[in-house]
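Hi,

Here is the structure I promised to pass on to you. Have a look at it first, and my notes on what turned up follow right below.

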Amino acid sequence: MNTAQLGYFLEIARQRNMNKAAEEVHVSQSSLSQYLSNLENELDCKLFYRKKGNLTLTPEGQVYHAYAARMRDLEQKMKAEIGRMRGFTHIRVGINSIWGNTLMATITPVFHDRYPDSKLELYDENHQKLKKYIQEESIDLAFLATDTLNGFSGYQKILRQEEVVFAVSRKNMALSQIPAGTTTLSIPELVAYFSKEPFILSKTNSSSRRMVDKALEKAGFHPNIVCEISNMTTLGNMISHNIAVSFMPRSTATDNLAICYFSLTPPITRLNAVICRENLENTEEVQYLIKLAEAHLPVLKPATGNA
């Protein structure tokens, strides 16, 4: 068996679902099922318990998983060692937000100016998936927006705290109740002014959504949620057209839309951070990439408020 096929098995174990695993490894579900059937026949044992589409490792599967993960890790270390001998480095980088995308667009050309033979492979996923990839060592490091860094044993560093702001279309009539020049709202004030408005919130698996939910629940406010969304560009357009009000991380708030942004008190903030997998070798390329991230953080503009 080659290591690519080992990746199929590891992905099935990670997803616990054949359809989701097939999507991740870009093969058909039937091909992946046939691969697993052939593997189990070859080993003469069942590697997964199957129950209502959910796959969990059998004791034999757990043993196979441990060796498969070790073999994949050895392959990656072998390739990295050969790459270093040839002056080549491959770094797998996770990002999960607009600031991460902007950051990598800024620092990638600078990185390649110094290390032209090195490769950066980007993984754009939500923060939960990236944390899982780090733990499984499927990626090397991640520049991510998150609410916590708990549970990681590798290198980690908070690059900054980013506020989550309240966003309202300039067409929204509720703005007329707010004194001109106001840039900050308390949660009780927000509820008083906008409790009757429809809300669009980010999806429940996002870091900012959990913090927003916690702040609103503390105030005893349950908004009328008309839509949940993960794409911040689409969210900004919907707010601008006065479809609903919402909360946005400051890095996603753009001044080219007809939107008022209010800071909140007490503030809601998320972390912009870098985390590395536990066994990542601290090469000069990795050190330089992290230093570039620290030096080139996209600028966050202050809230505009009600002009």
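The largest cavity holds about 50 Å³ of space. Keep in mind that this is a predicted model, so treat everything here as computed from it. With the 30 Å³ cut-off, the count is 1 cavity. Its lining is made up of Val164, Leu201, Ser202, Ser208, Arg209, Val212, Phe247, Met248 and Pro249. Three elements each put at least two residues into that lining: strand E8 (198-202), helix H8 (207-218) and strand E10 (245-249). By class, the lining of the largest cavity comes to 6 nonpolar, 2 polar and 1 charged.

Helix H5 (residues 98-114) and helix H10 (residues 284-295) have axes that come within 10 Å and cross at roughly 140 degrees. Angles over 145 degrees would count as roughly antiparallel, and H5 and H10 are therefore oblique to each other. The crossing of H5 with H10 is right-handed. On the H5 side the contact uses Leu103, Ile107, Val110, Phe111 and Arg114, while H10 brings Glu285, Tyr288, Leu289, Leu292 and Ala293. Sorted by class, the residues of this contact are 8 nonpolar, no polar and 2 charged.

Helix H2 (residues 18-25) packs against helix H3 (residues 29-43) at an angle of about 105 degrees, and their axes are 9 Å apart. The range from 65 to 115 degrees counts as roughly perpendicular, which is therefore how H2 and H3 sit relative to each other. From H2, the residues Met18, Asn19, Ala21, Ala22 and Val25 meet Gln29, Leu32, Ser33 and Leu36 of H3. That contact of H2 with H3 has 6 nonpolar and 3 polar residues, with no charged ones.

Which peptide bond is cis, with omega near -5 degrees? The one from Thr265 to Pro266. Pro266 sits in the loop between strand E11 (259-265) and strand E12 (268-276). The other detail is Asp44, which has a positive phi of about 60 degrees although it is not a glycine. You will find Asp44 in the loop that joins H3 to strand E1 (48-51).

That's the lot from my side.

Cheers

Definitions and conventions:
Residues numbered from 1 in each chain as written. Predicted model: local features only at pLDDT ≥ 70, side-chain atom pairs only at ≥ 80, totals over all residues. Heavy atoms only, no water. 1 Å grid on protein atoms, 1.4 Å probe; cavity = no way out; pocket = protein on both sides within 12 Å on 5 of 7 lines; lining within 4 Å. Points joined across faces, edges and corners; volume = space filled by probe spheres on them. Helix = DSSP H or I, 4+ residues; strand = E, 2+ residues; numbered from the N terminus. Nonpolar A, V, L, I, M, F, W, Y, C, P; charged D, E, K, R; others polar. Axes fitted to C-alpha atoms, helices over the stretch in contact; angles between N-to-C directions. Parallel < 35°, antiparallel > 145°, perpendicular 65-115°, else oblique. Left-handed = near helix turned anticlockwise from the far one by under 90°. Contact = heavy atoms within 4.5 Å.
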